[in-house]
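Okay, I'll keep this quick.

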Amino acid sequence: MDTFSIFVILAIIISASVYWGSFLSLHLPELFSALDCKPFNCRPCLSFHIMWCLSAVCALVLTCELVFYIGFILSFAVFFVLKYIDNKMIIK
């Protein structure tokens, strides 16, 4: 698989996981009270789990383990960036 297609796939995975992580972390605890715990109501945690799961699915479909390895490493980077952003936010 060429580098450009891996880059495009991972960019789509990153954008989808950050969007769904921020959206679902707000709405899942409202829908089900059992989901009002750490991986579901935390934007960085949920984005991390969505991202590595999506990269694993894409790696299985494309039979390219490089997509999984890079996606797993990038999921940690996205987690730490989102955690830093959330820690700097002031909520009144």
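So, Phe72 and Phe76: both sit in helix H4, which covers residues 65–88, and they're four residues apart, about one turn of the helix. Keep in mind that this is a predicted model.

How do the two rings meet? Phe72 and Phe76 make an edge-to-face aromatic pair, with 5.1 Å centre to centre and 90° between the planes. Anything over 60 degrees goes down as edge-to-face, so that's the label this pair gets. The structure has 10 aromatic pairs, and these two phenylalanines also belong to an aromatic cluster, together with Phe48, Phe68, Tyr69, Phe79 and Phe80.

Now, are they buried or exposed? Phe72 comes out at 30% relative accessibility, so we call it partly exposed. Phe76 has a relative accessible area of 34%, so that one is partly exposed too.

Okay, on to what H4 packs with. Helix H1, residues 3–31, has an axis that comes within 11 Å of the H4 axis, and the two cross at roughly 40°. That angle is why H1 and H4 count as oblique to each other. And the crossing is right-handed.

Who's touching whom? From H1 you've got Ile6, Ile9, Leu10, Ile14 and Val18, and they meet Leu66, Val67, Ile70, Gly71, Leu74, Val78 and Leu82 in H4. Sort that contact by class and you get 11 nonpolar residues, one polar and no charged ones.

How values were computed
Residues numbered from 1 in each chain as written. Predicted model: local features only at pLDDT ≥ 70, side-chain atom pairs only at ≥ 80, totals over all residues. Heavy atoms only, no water. Phe/Tyr/Trp six-rings, centres within 6.5 Å; stacked < 30°, edge-to-face > 60°. Buried < 20%, exposed > 50% of the residue type's maximum accessible area, 1.4 Å probe, protein only. Axes fitted to C-alpha atoms, helices over the stretch in contact; angles between N-to-C directions. Parallel < 35°, antiparallel > 145°, perpendicular 65-115°, else oblique. Left-handed = near helix turned anticlockwise from the far one by under 90°. Contact = heavy atoms within 4.5 Å. Nonpolar A, V, L, I, M, F, W, Y, C, P; charged D, E, K, R; others polar.
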